[in-house]
Amino acid sequence: MSEPKFNNSLVRWIDHRLPVFTFMHHEMHEYPTPKNLNYWWNFGSLAGIVLVIMIMSGIVLAMHYTAHVDHAFQSVERIMRDVNYGWLVRYIHANGASFFFIVVYIHIFRGLYYGSYKAPRELLWMLGVVILILMMATAFMGYVLPWGQMSFWGATVITNLFSAIPLVGESIVTLLWGGFSVDNPTLNRFYALHYLLPFVIVGVVVLHIVALHRFGSNNPLGIDVRGNQDTISFHPYYTVKDAFGLGVFLILLSAVVFFLPNSMGHPDNYIPANPMVTPAHIVPEWYFLPFYAILRAIPDKLFGVLAMFAAIGVLFILPWLDRSPVRSATFRPIYKVMFWVFLFDCVALTWLGAKPAEGIYVLLSRLFTAYYFFHFLILLPALSIFETPRSLPKSIGRPVLDGGGGAMAAAPAATRERS
Amino acid sequence: MVLQRFARGLLFLGVSLLVLIPNVSVKAAGGVAVPAQDWSFSGVFGTFDRGELQRGFHVYKEVCAGCHSLNYVAFRNLGDLGFNDEEIKVIAKEYEVEDGPNNDGEMFTRTAIPSDTWPAPYPNDNAARAGNNGALPPDLSLMVDARVGGADYLYALLSGYHEVPKGQEVADGMYYNAYYPGNQIAMPSPLSDDGVEYGDGTKATINQQARDVSAFLAWATEPNMEQRKRMGVKVLIFLIVMTGLFYVSKRRIWADVH
Amino acid sequence: MSDTNEGTTRRDFIHVASATAGALGVACVAWPFIDQMNPAADTLALSSTEFDVSGVEEGMAVTIVWRGKPVFIRHRTKKEIQEASEVKLDDLPDPQVDSDRTTRPEMLVLLGVCTHLGCVPLGQSATDPKGEWGGWFCPCHGSHYDTSGRIRKGPAPTNLAVPPYKYISDSVIKIG
């Protein structure tokens with residue numbers, strides 16, 4: 001690739017010493033992107049933008065928030081009532097967190113459907129799982145900060161989980177709390193870590209994008225790019241498409257922020273934390289519900305905790321569980337159906353996570369938990385062996401003309417590396 | 001063709017909102033279904049009715065403030081209800097707040113000024129419990145957001161002190177309420193017909209007082225609601241136009257690829 | 001076709017309009033994020049303080065707080081007023097006529113912050129050192145202020161500031 005010529009002499013002066021402009025030109029104008037990406041590919045850039053929104057709104061809130069058990073709740077109310085536009089920044093931050101998870105969950109399911117986790121993108125996928133875990137830790141600690149009833153009791157329940165670890169469990173919990181229960185030391189350290197982790201996430205996102213650019217994006221057909229006829233430059237095609245997607249996203253976010261700002265929260269968190277009174281139903285925020293359902297499904301405390309962590313852990317080894325050489329579900333008729341069943345399973349677990357742990361809900365939670373692990377540990381490896389995929393198109397450029405002509409070799413073709 | 005895409009886009013937007021909104025039901029209500037009310041502040045274009053807020057404020061002052069604090073509302077906030085600076089000073093002067101220590105090291109009381117928050121009826125929670133048979137009258141500043149059903153629930157509760165149904169037992173010191181979870185509440189019916197006298201001449205029935213004070217508490221919970229909705233309309237209109245422009249740009253740029 | 005890549009960045013009106021809309025949106029969002037740093041409503045509510053001066057007897061001085069800073073209110077004796085008004089302007093490092101510094105000559109209202117580096121001068125209570133001119137004395141670096149609060153000796157460059165205030169009734173002043 002030839003060096004781009006910049007007309008502006010200041011730009012040239014900087015670029016010669018620190019090639020940021022050449023770098024950006026490379027990434028945007030020359031970076032070849034498959035031309036057939038659909039709107040499910042918007043969610044990666046959307047997640048990045050939501051991360052920036054969360055950091056900016058979070059820093060503003062941090063200018064007014066006090067992380068002390070006697071002042072936290074009241075400082076949040078001061079933000080809502082007295083700080084100029086404080087209510088706006090607070091609602092953006094609280095609802096932005098929910099929207100961050102919506103976007104990331106869709107992004108993940110896109111990866112599951114189109115096989116984006118398969119070779120050579122295994123590390124890209126695993127970095128993504130790391131980002132998800134960091135997001136969950138950040139969100140969990142963030143929710144504690146307003147020091148409402150749900151903040152306090154959610155923190156108590158989840159930190160207590162670690163006591164399930166044999167031998168060292170209790171000591172670990174005391175270490176986490178900094179005391180004998182969730183109290184001021186806990187709140188203070190959660191604040192420090194909640195401010196820190198998003199920047200760790202930024203670092204991992206950078207690695208995630210570097211790993212992505214190594215082989216370029218996957219595409220809806222799941223077959224490799226063969227040449228220039230299959231790709232277009234990222235800018236302006238995907239920049240404008242991402243801008244449009246961002247517009248739609250902002251409409252949805254604004255509808256919630258301005259007209260339904262408390263719809264995704266819990267009324268109990270508008271009650272100041274009271275260690276003497278436990279709310280009738282302790283419920284985590286919606287994005288934790290499937291994992292909460294899995295936790296409660298197992299009657300044993302330790303195994304419940306292990307199952308909950310395993311539910312995320314199993315995502316790490318997905319590239320080695322699903323060994324089908326065909327990436328996209330478009331060409332995997334059985335997997336395609338099982339994908340929707342799996343999605344239904346996840347939605348069911350979300351719904352069950354909010355229900356009280358009694359009656360038929362217990363049985364259903366166990367059923368859907370079992371199916372969750374069945375999908376990953378038994379179904380996917382089995383499909384790798386027994387599923388007969390449809391024949392893949394010859395190339396991205398002409399899938400209609402040559403469709404069906406000669407099944408491509410099962411092994412993924414030599415991946416085209418970027419020079 | 002464009003219509004098809006537009007319709008698809010609209011469908012996506014609609015489904016997304018339908019998915020997001022019912023998240024309200026994730027919480028367990030535990031109580032009887034609360035009848036929906038018509039409030040001037042509901043909906044996208046909702047605003048507070050100043051007359052209603054002033055009547056509700058009157059009910060709070062005369063009835064509720066004896067036991068329930070309003071810690072996050074300051075006298076200066078009453079400007080939202082239509083009072084001017086002088087009137088606010090007069091209202092504040094009726095109350096005493098603790099200040100100090102003075103030069104002798106003692107705490108003292110003085111009359112309230114607009115920048116003070118509403119003085120609580122009890123100095124602390126224990127005193128509040130002692131004065132109410134062990135029950136703690138909660139602070140009302142956030143009551144509309146702190147209960148499932150919001151203002152509808154508060155209205156139902158305050159007007160829900162019905163006759164005890166046959167066969168139902170009510171424990172000593174508790175009172176029957178049709179909408180309180182469990183149907184037994186430690187607070188006796190606070191409202192009575194003509195319990196207060198409204199300055200604007202409105203008849204002060206229990207239901208009228210319940211409605212007015214619920215509206216007042218909705219304001220107390222979120223004084224910035226009107227600004228939020230007004231801004232929301234402007235923002236959404238702008239975003240819809242901007243997204244439309246982006247869409248046309250996108251189609252134009254992609255014309256040679258499709 | 002890859003050879004149309006060059007032509008796709010043409011400055012069509014629609015693209016200019018889109019980019020402008022986007023930039024406008026960003027600017028509108030930026031304002032709340034900046035304005036939130038301005039004083040909040042509860043801070044602004046404390047931007048003025050009222051005080052009833054009738055409790056300050058002749059010869060007494062009181063310190064109150066305004067916007068987080070001390071304000072000296074001194075009910076001057078006739079002797080102090082006479083001394084302050086008879087001073088020759090040439091003797092003053094920061095010349096100012098005494099009558100320009102008060103609304104009512106007997107009630108002096110001054111910002112109790114030394115104009116040198118911001119310490120609170122002594123002189124409010126009867127046992128405090130008042131400096132060589134009977135006004136106030138700043139212990140940090142030795143500035144002397146007279147009975148009108150004007151700097152007479154020491155490193156302070158200007159007189160003690162007079163905060164904006166007015167009488168809103170016969171005995172109540174509103175500062176700020």
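# Close-up views of a predicted model

**View 1. The interface of chain A and chain B.** In this predicted model, 48 residues of chain A and 46 residues of chain B take part in the contact, where contact means heavy atoms within 4.5 Å. The model is predicted, so local features need pLDDT of at least 70 and side-chain atom pairs count only at pLDDT 80 or more, while totals for chains, interfaces and linings use all residues. Residues are numbered from 1 along each chain as its sequence is written, chains are lettered from A and ligands numbered from 1 in the order in which they are written, and side-chain values use heavy atoms, with hydrogens and water left out. Chain A and chain B bury about 4,200 Å² between them, and carbon and sulfur atoms account for 74% of that area. Buried area is the accessible area (1.4 Å probe) that two parts lose on being put together, summed over both.

View 2. A salt bridge is a side-chain nitrogen of Lys or Arg within 4 Å of a carboxyl oxygen of Asp or Glu. Ten residue pairs, both residues at pLDDT 80 or more, are in polar contact across the interface of chain A and chain B. A polar contact is a pair of N or O atoms within 3.5 Å; within protein, one must be able to donate a hydrogen and the other to accept it, and residues adjacent in sequence count only if both atoms are side-chain atoms. On the side of chain A that touches chain B, α4 (72–81), α5 (86–114) and α10 (234–259) of chain A each supply at least two residues. Of the elements, α10(A) gives the most, with 18 residues. By class, this side of chain A divides into 34 nonpolar, eight polar and six charged residues. Ala, Val, Leu, Ile, Met, Phe, Trp, Tyr, Cys and Pro count as nonpolar, Asp, Glu, Lys and Arg as charged, and the others, Gly among them, as polar.

**View 3. The interface of chain C and chain A.** Here 15 residues of chain C meet 14 residues of chain A. The area buried between chain C and chain A is about 1,400 Å², with 59% of it from carbon and sulfur atoms. C:P32, C:F33 and C:Q36 supply 40% of the area that chain C buries against chain A, more than any other three residues. The count of salt bridges between these chains is one: the side chains of C:D42 and A:R78 meet at 2.7 Å, N to O. Four residue pairs are in polar contact between chain C and chain A, both residues at pLDDT 80 or more. The elements giving two or more residues to the side of chain C that touches chain A are α1 (13–35) and α2 (41–45) of chain C. α1(C) gives the most to that side, with four residues. Seven nonpolar, six polar and two charged residues make up the side of chain C that touches chain A.

View 4. Side chains of opposite charge can pair when their charged atoms come close. C:D12 and B:R252 form a salt bridge, the closest N and O atoms being 2.7 Å apart. This pair crosses between chains, from C:D12 in the segment before α1 of chain C to B:R252 in helix α7 (residues 225–254) of chain B. C:D12 is buried at 15% relative accessible area, whereas B:R252 is partly exposed at 39%. Buried means under 20% relative accessible area, exposed over 50%, and partly exposed in between (1.4 Å probe, protein chains only). B:K89 forms a salt bridge with B:E86, with 3.7 Å between the closest N and O atoms. B:K89 and B:E86 are separated by about one helical turn, because they lie three residues apart in helix α3 (residues 85–93) of chain B. Helices (H or I, at least four residues) and strands (E, at least two) are DSSP runs, numbered from the N terminus.

**View 5. Two buried residues, B:K61 and A:S324.** B:K61 is found in helix α2 (residues 50–62) of chain B and has a relative accessible area of 18%. Not counting residues up to four places away in sequence, B:K61 touches B:E94, B:Y95 and B:W118. A:S324 lies in the loop between α13 (318–321) and α14 (333–353) of chain A, with a relative accessible area of 8%. With residues up to four places away in sequence left out, A:S324 touches A:K118, A:R332 and A:S384.
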